[in-house]
Amino acid sequence: MKMTTFKTIGRLMTVTLAFAGMNMLTACNPEPDESDMYTVTDETADDYIKRKPQLTSFNYILERARLDRNLMSYGEYTCFAPTNDAIAEYIDSLYNDVKAKVPHNSMTANSLEGLSDSLCSDIALYHLTNGVHTTIEMGVGTSVRTMLGRTFTAQSNVDAIGRVTLEKTAVILEPDSVVTNGVVHIISKVIPRSNHVMFDELERHMEQFGIFFQALSMTGLAKNMEDIRKDASYSLEGKHRQDTNGSDLYYPKECKKMYTIFAEPDEVIKAALRKEGFSEDINGLIAYANKYYKDAADPNTGWYDYMIEKGQTVSTGTDYTERNNALNMFVAYHILYVGMPEDQIVFESKGARGVNQWNYVNGGQPYDYYETMLPHTLMKIWQPKPLIAAKELFINRYIRNNTLTNELATMGTDDMHEVVRKGVKIYRSTDQLYETNIQAYNGYIHAIGDMLLYDEMVPKGVLHERMRFDATTILPEFINNGIRMATQAEIAALNGGGSGARVAFPLNYFDGVKSYTDENEFRYNVKGAFRAYQADAFQGWGNYDLAIRMLPIPSGTYEFRLFYSPMAHGGMMQFYYGTSSNMQTMMALDIPLDVRIQESDPRIGWTVFYNEDDKGIGTDVAMRNRGYMRGPFSFMGHPDTNTGNDTDQNCRGDGTVTLRKILGTVTVKQSEEFWFRYKNVIADETDLKWQLDFVEFVPLNVVNNDDYSEDWF
């Protein structure tokens, strides 16, 4: 079989590389490697599978599922094809599964022919993806979204000779056979996937998570994770859902609900209980929770403002199903309302998800905030320096004076950023210490390396900083339905080969969005070369009027800011805020913002900061007096059109301009919701764009700190 290089693939696979250019070419050296990693044929994926004698069983399954026709047509697919032996082994496990809810998993016989049509469809769809995934891309450790709508994790160096392995089980035996409509990998096993919901999947791993599983059982919180999709229908048929170039947009027709559990392995819990002098079992964990949560709602010394403001007290009794019970509170803070594999918890690095010129340059660091099942609480997940290269993730890491600096154009000296708390480490598959990144039907379970608590240091330390909330973490539907980290090629494939630049949404899709008019058109800019924080944004067109529920934050007074790009088609908008989506109770924020006003207009006064002797400090002060700030220094804009070099530009001070509008000072209670309303105020304009990329909530004593200034990042 002839092996060839990227140059040959470029000649034979023009269509494929049009998609895969970022994922394949940027992962390799400019000159071809003489090892010649790719097999190229002139046949379709269907042709390739049909001529391989070891793939006859998979071909049968594809034909039964009527998906073989996809693989013989135009498009871009990756096919993970299990061998005949792999399928025979899988069939035997299905037929003899004593825990199957339906006897023999609905199979009529322990044979290929005994598979039901639905099983054939599930198996086929789980081994097919839209778009091209090569072993070079997958070998660094990535989550692959399948046509079944579920993901699996791929990584190299799992087996003895370092081959790419899927879900730590299915080894790619024959990689990267490039065909005219994609790529085929022959694999040693059927890729394992769980059909168990979160509670049942955790039970299957009781050997590692036995104590945490007992706690979850006793609290009854598993019931909160039983919903797997929103009970609503979604349609945009017959409505305007076209991209700016006239192409129809993809829109999701269901809305899944997903969850993430961060669980301490028994070893971690026992070590913590031993240190406290408690018994190393569930009774010790109950005592531990009572100790650390009993004073959380004390009116004088407590820190959990939600309960204090509601006049609640913490129970240390034996009804663990009460939401104010200490054990219940302990477990609830381990659960998120979003389901994320390990490589999608934060938008990790420059080059992530095919977006080459974005993210965390000049010293910036990946982080995000997520709402937990403990009412109205957040956790911060951070990939801090100098640990970005190792992709180490920590929950609630606390560095004193974070987002403040004592130096111009840096994040500050080390001596002002004492690490008060390292944070709780999230173990990754590459750590190979615990079973982690465990996929359930409706979410993921990740092992963590220390006891996770919502203690006083979280609201008063970790979250007492400039908090920057991206739209795709404010609204969990983006994460739970595979949209937040999707590439434009993946969306295009879901759209039948049409536009992948944006996704359209029905107005009832998001729980946290209230539309006051049916003239709104909800859109999402799929990650790409946009002037946006994580290379994407929630946006729409039309005569808009809508409100968005923000993430819950600790009680306090904050400066509230909106990030935006001064663009001619943005129109003018008035902002409001309130504790519900009832527009009658909302209060106006500042005067209307006209985003058509360009940055150099005297009303804003932006300048190229590095042309100024003081690095733009004087301009910063003048802009702030007018209610504006430059965009952050920590992520990139469009590449330089003259040199093609993206390292010369950033969103603080050159030709790719972004701004932050200071909308005012707001007083927030943790026990209340915070709704943020956008309203078009140009009555005769009905084709305008609104956009939410990110917002910032900044405590006033961070804004007006006596010793340090807020950093540029």
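Trainee: Which residues point one way from S3, and which the other way?

Mentor: Tyr-77, Cys-79 and Ala-81 point one way from S3, while Thr-78, Phe-80 and Pro-82 point the other way, and all are buried, where buried means under 20% relative accessible area, exposed over 50% and partly exposed in between, with a 1.4 Å probe and protein chains only. In a regular strand the side chains alternate between the two faces of the sheet. This is a predicted model, in which local features need pLDDT of at least 70 and side-chain atom pairs count only at pLDDT 80 or more, whereas totals for chains, interfaces and linings use all residues. Residues are numbered from 1 along each chain as its sequence is written, and side-chain values use heavy atoms, with hydrogens and water left out.

Trainee: What makes S3 and S9 a pair?

Mentor: Two strands pair if DSSP finds at least two bridges between them; S3 (residues 77–82) and S9 (residues 182–187) have six, in the parallel sense, so they pair. Within this pairing, Cys-79 stands opposite Val-184.

Trainee: How many bridges join S3 to S4?

Mentor: Three bridges join S3 to S4 (residues 128–130), and these strands run antiparallel, with Tyr-77 opposite Asn-130.

Trainee: Why are the buried residues of helix H10 said to lie on the same side?

Mentor: The buried residues of H10 (residues 266–276) are Asp-266, Val-268, Ile-269, Ala-272 and Leu-273. Because they cover an arc of only 165° around the axis, they lie on the same side of H10, the arc being that of the directions from the helix axis to the C-beta atoms. On the other side of H10, Glu-267, Arg-274 and Lys-275 are exposed.

Technical notes:
Helices (H or I, at least four residues) and strands (E, at least two) are DSSP runs, numbered from the N terminus.
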